[in-house]
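Please look through the sequence and the three-dimensional model shown here before reading on. The report is meant to be read with both in view.

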Amino acid sequence: MMKSSSTSNSDIELLQLRGKCLYAMGDVENSVKHYQQALRCDPDNTLVRTEYKQIKDINDTKERGNTAYKEGRYEDAINEWERCIQLDRNNRQFISKIYSNKANAYAKLRKHEDAVRECNLSLRANSDNLKALLRRAESNYAIGTEQSLQEALKDYEALHERNESEVGDMSKKIKQTKTAIKMAGRKDLYKILEVGRDADPDDIRKAYRKLALKYHPDKQAGKSEAEIETASTKFKAVSEAYEILSDPEKKSKYDSGVDIEDLDNPHAGHGGGGGFGGHGGHSGIDPNILFQMFMQQQGGGHGGMRFG
């Protein structure tokens, strides 16, 4: 097949060069388009065709990962993107984006330690990847330990200094993280329910159901006195955690730093700590009544408290 008579070798070389530059910048999709245009001009150009096949293979693998992610198949997306990285580990701009994509998928799976690891790899490849920096901050915040919160604060403050519209205003997140750090030494309701700070209402419901069923008094038959006492303590703790975190107003107060004892105190405002401590107090619902109410709402009424 002959090349187009209206196209010179210099035009083809320019398209090829632009394709290489775009690829080096991490813009694989547009790189492929330039190579395709070059091949339409000269289908028999062996070098262009070889480079095109390599880059197209990488782009196709990336797109399979993108499709899996959009469909909620996060494990499949992670696997495709890892293959993508293995195809060319030398394109630092590109693999930084792919590591960041993997971090987002891990975050969707609530695997925030893995997300932080992928963000570190992304930022090692390209320290200017602001999306990876933001993802790392959000995952460290979700992990919720004092150390991870301190790391989240560093990243939020770094993003705030950059003042880039790409990631938005970090002021609220900085304030929120500082509050969480102050709360780190207090009772951690998220940890009690075994969920991250980014848990949504459905996550909280599922976690409570699992733990309440595990520690409910009717499930402790045949166990030692010490085991029964431990289960009773944990049953009360998960009940308290659920009662607070499932109530939007109480959860908001708790997240803003109000002490648990003051959550029912109308004078204990957001971010105000204890406020007028002693005038309110958090009495709480009886754990057994709360559990029965929960099961009835979920369509699993517990008249005789039968367990499978």
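The text that follows goes from the overall fold to salt bridges, surface patches and backbone angles.

**Basis of the values**

This is a predicted model, in which local features need pLDDT of at least 70 and side-chain atom pairs count only at pLDDT 80 or more, whereas totals for chains, interfaces and linings use all residues. Residues are numbered from 1 along each chain as its sequence is written, and side-chain values use heavy atoms, with hydrogens and water left out.

**Overall fold**

The protein has 14 helices and 0 strands, where helices (H or I, at least four residues) and strands (E, at least two) are DSSP runs numbered from the N terminus. Of the 308 residues in the protein, 43% are buried; here buried means under 20% relative accessible area, exposed means over 50%, and partly exposed lies in between, with a 1.4 Å probe and protein chains only. The accessible surface comes to about 17,000 Å², and carbon and sulfur atoms account for 47% of that area; these areas come from the Shrake-Rupley method with a 1.4 Å probe, and for residues only the protein chains shown count as cover. Among contacts (heavy atoms within 4.5 Å) between residues at least 6 apart in sequence, 51% join residues at least 24 apart.

**Salt bridges**

The structure holds 25 salt bridges, a salt bridge being a side-chain nitrogen of Lys or Arg within 4 Å of a carboxyl oxygen of Asp or Glu.

| Pair | N to O distance | Relative accessible area |
|---|---|---|
| Asp76 and Arg73 | 2.9 Å | Asp76 37%, Arg73 34% |
| Arg83 and Glu80 | 3.1 Å | Arg83 46%, Glu80 16% |
| Lys173 and Glu138 | 3.8 Å | Lys173 26%, Glu138 24% |

Arg83 and Glu80 both lie in helix H4 (residues 74–87), where they are 3 residues apart, about one turn of the helix. Within this pair, Arg83 is partly exposed because its relative accessible area is 46%, whereas Glu80, at 16%, counts as buried. The salt bridge between Lys173 and Glu138, with its closest N and O atoms 3.8 Å apart, joins two helices: Lys173 lies in helix H9 (residues 171–183) and Glu138 in helix H7 (residues 130–143), so the pair ties together parts that are 35 residues apart in sequence. Beyond these pairs, Glu82, Lys102, Asp114, Arg117 and Glu118 are linked in a network of salt bridges.

**Surface patches**

Patches are made of residues with over 30% relative accessible area and no salt bridge, like charges being joined within 9 Å and nonpolar side chains (Val, Leu, Ile, Met, Phe, Trp, Tyr) within 5 Å. Lys and Arg count as positive and Asp and Glu as negative, while His and the chain ends are not counted; the place of a charge is taken as NZ of Lys, CZ of Arg, CG of Asp or CD of Glu. One positive patch is formed by Lys210, Lys214, Lys219, Lys223 and Lys234. Of these residues, Lys210 is found in helix H11 (residues 201–215) and counts as exposed, because its relative accessibility is 58%.

A nonpolar patch is formed on the surface by Ile285, Ile289 and Met293, which together have about 240 Å² of accessible area. Ile285 lies in the loop between helix H13 (248–255) and helix H14 (287–297) and is partly exposed, with a relative accessible area of 35%.

Asn288 lies in helix H14 and is partly exposed at 33% relative accessible area. Leaving aside residues up to four places away in sequence, Asn288 touches His216, Pro217 and Phe235. Asn288 and Pro217 are 71 residues apart in sequence, and their C-alpha atoms are 9.0 Å apart in space.

**Backbone angles**

Most residues other than glycine have a negative phi. Against that background, where do positive values occur in residues other than glycine? Phi of Arg110 is near 60°, and Arg110 is found in the loop between helix H5 (92–108) and helix H6 (112–125), where it counts as partly exposed at 36% relative accessibility. Phi of Glu194 is also near 60°; Glu194 is found in the loop between helix H10 (189–193) and H11, and Glu194 is exposed, with a relative accessible area of 54%.
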